[in-house]
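Dear colleague,

I am handing over the structure below, together with some notes on what was found in it.

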Amino acid sequence: MNGDIGIDVEKAAEFLELPPSRFYKLLDKKTIVRNWDEYEDILRFDNHVSGIETGSVLIEKNDTFEMIRGFPKIKRAMILIPSIEKNFQGIESVIVEEKMNGYNVRVTEYKEKLIALTRSGHVCPYSTERAQHLLNHDFFREHPELVVYGEMAGPDNPYVPKDIYGLDSLDFFVFDIRFKSDGSPLPVSERRKLASDYGFSQVELFGEFDIEEAPAEITRIIKELGEKEHEGVVIKDPEMVLQPIKYTCSQSNCADLRHAFKFYNDSGRDYMFPRVVREGFQSFEWNESEEELKKRCLRLGESILRPMIQSIREVQRNERISDEVRIRVRDRDTIYKFKSYLERLGVDVIFSSPERIGDDYLVRISKINRSTTDKTKGIMEGQLWS
Ligand code: ATP
Ligand code: MG
């Protein structure tokens, strides 16, 4: 039977090993949501469903289906020594890779073109265009059973723009390759070899360390990364059987806070608490001197207060608080597709007119944050904090 969503629900349910009635219910509840326009054959899991992660995507392909699993959550080490010992029991060494700060994208082939899925399972038109230019298509033809997971990083980035990697525009750094069938990952060395065979950029590999020496090595790496405001590391079982864990630098933590507190009425709360706690444990673990601790306190405090005060001043000058980002595209159509995509997702945006740069177009985007602007205005007019 063909439901009004345009896909064969009976078959989709059978593929997922769910009763069709359950599948209909999930559609009703919008737990499973259909994409739009050219991607309407793609269904997105807006929540997890019996073992299927949030952000997973079901694609109808030649009378059958294909599942692109969401990227699993990576838990965080708060104190390195016990976390490494506890999480990597039974193995002798771990691999340490850079944790890059951009946004998570899965790339797969759809109707003979590459598409880029965001963490939530949307097909992002900007990332899709970039993926089409950045990645060797042969990989996807020769390995239709695999999905490539990576971080889109660099300054021409509408979600997490960063200048810290010395990149001109935007690049895609592979950090995982998994089987579509069951979501299982390739071992690290196999993945890195395969990615390198196809000329993909990859996250940096810092090395493989014995469990006993890993905490000291990681501390050294983290201190160096911190100086450059890089984010941190992901610590992995070489075989990718045990779950990876992440560990990050104080400086990157503070950079996140600076961004969040600019929009304090939106993201301040959820951001602040875990980040303050992380700073406490890191300072403890590193047994910091009074001077080091003072530096940390100042860094943390400044990253909270300064951007907030700047936002208040902007509102006082009658400006609207916004996030300024930019994109660089080859095809002009991508600009309009991306704008309508952001609007559909409820992001309030102003796009500049495109500037030609070589073969590309550069577009500046203001993401307006009404909530913080309005709240600040209200407070300036005497509104009380309830
Ligand atoms: P979560 O903790 O649920 O995975 P989050 O968005 O809160 O999600 P982050 O703190 O950014 O997570 O850490 C996880 C993310 O780090 C991954 O989703 C991935 O996009 C990114 N990442 C960057 N480099 C790597 C790497 N080398 N290995 C794995 N993930 C990486
Ligand atoms: Mg991230």
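**Domains and conventions**

The centres of domain 1 and domain 4, taken over C-alpha atoms, are separated by 30 Å. The protein chain is divided into domain 1 (9-68), domain 2 (75-250), domain 3 (251-316) and domain 4 (322-380), with bounds that come from an automatic or database domain assignment.

Please keep in mind that this is a predicted model, in which local features need pLDDT of at least 70 and side-chain atom pairs count only at pLDDT 80 or more, while totals for chains, interfaces and linings use all residues. Residues are numbered from 1 along each chain as its sequence is written, chains are lettered from A and ligands numbered from 1 in the order in which they are written, and side-chain values use heavy atoms, with hydrogens and water left out.

**The ligand site**

Ligand 1 is surrounded by 15 residues, of which the closest are E98, R119, E151, K236 and K246; a residue is counted here if one of its heavy atoms lies within 4 Å of the ligand. By class, this shell holds six nonpolar, one polar and eight charged residues, where Ala, Val, Leu, Ile, Met, Phe, Trp, Tyr, Cys and Pro count as nonpolar, Asp, Glu, Lys and Arg as charged, and the others, Gly among them, as polar.

Several polar contacts (pairs of N or O atoms within 3.5 Å; within protein, one must be able to donate a hydrogen and the other to accept it, and residues adjacent in sequence count only if both atoms are side-chain atoms) can be listed for the ligand. A backbone N or O atom of I74 lies 3.1 Å from an oxygen atom of ligand 1, and a backbone N or O atom of M100 lies 3.0 Å from a nitrogen atom of the ligand. K246 takes part through its side chain, with a polar atom 2.4 Å from an oxygen atom of ligand 1.

On its own, ligand 1 has 600 Å² of accessible area, and the protein covers 81% of it; accessible areas come from the Shrake-Rupley method with a 1.4 Å probe, and for residues, only the protein chains shown count as cover. The elements that give two or more residues to the shell are β6 (93-99) and β13 (232-236), and the largest share, three residues, comes from β6. Helices (H or I, at least four residues) and strands (E, at least two) are DSSP runs, numbered from the N terminus.

**The nonpolar core**

The largest nonpolar core has 36 residues, and F139, F200, F338 and F351 touch the most other members; such a core is a set of buried Ala, Val, Leu, Ile, Met, Phe, Trp, Tyr and Cys residues joined through side-chain atoms within 4.5 Å. Helix α11 (residues 332-344) gives the most to this core, with four residues, and the core draws at least three residues from each of domain 2 (75-250) and domain 4 (322-380).

**Individual positions**

For single residues, buried means under 20% relative accessible area, exposed over 50%, and partly exposed in between (1.4 Å probe, protein chains only).

Two residues have a positive phi although neither is a glycine: E17, at about 60°, and N318, at about 70°. E17 is found in the loop between α1 (9-16) and α2 (20-28) and is exposed, with a relative accessible area of 73%, while N318 sits in the loop between α10 (290-316) and β15 (322-329) and counts as exposed at 67% relative accessibility.

In strand β15 itself lies I327, which is buried, with a relative accessible area of 0%. G207, in strand β12 (residues 205-210), also counts as buried, at 15% relative accessibility, and the C-alpha atoms of G207 and V96, 111 residues apart along the chain, are separated by 5.6 Å.

S184 belongs to the loop between β10 (171-179) and α6 (188-197) and is partly exposed, with a relative accessible area of 26%; its C-alpha atom is 8.5 Å from that of M240, 56 residues away along the chain. A216 lies in helix α7 (residues 214-227) and counts as exposed at 54% relative accessibility, and the C-alpha atoms of A216 and S83, 133 residues apart along the chain, are separated by 13 Å.

With best regards
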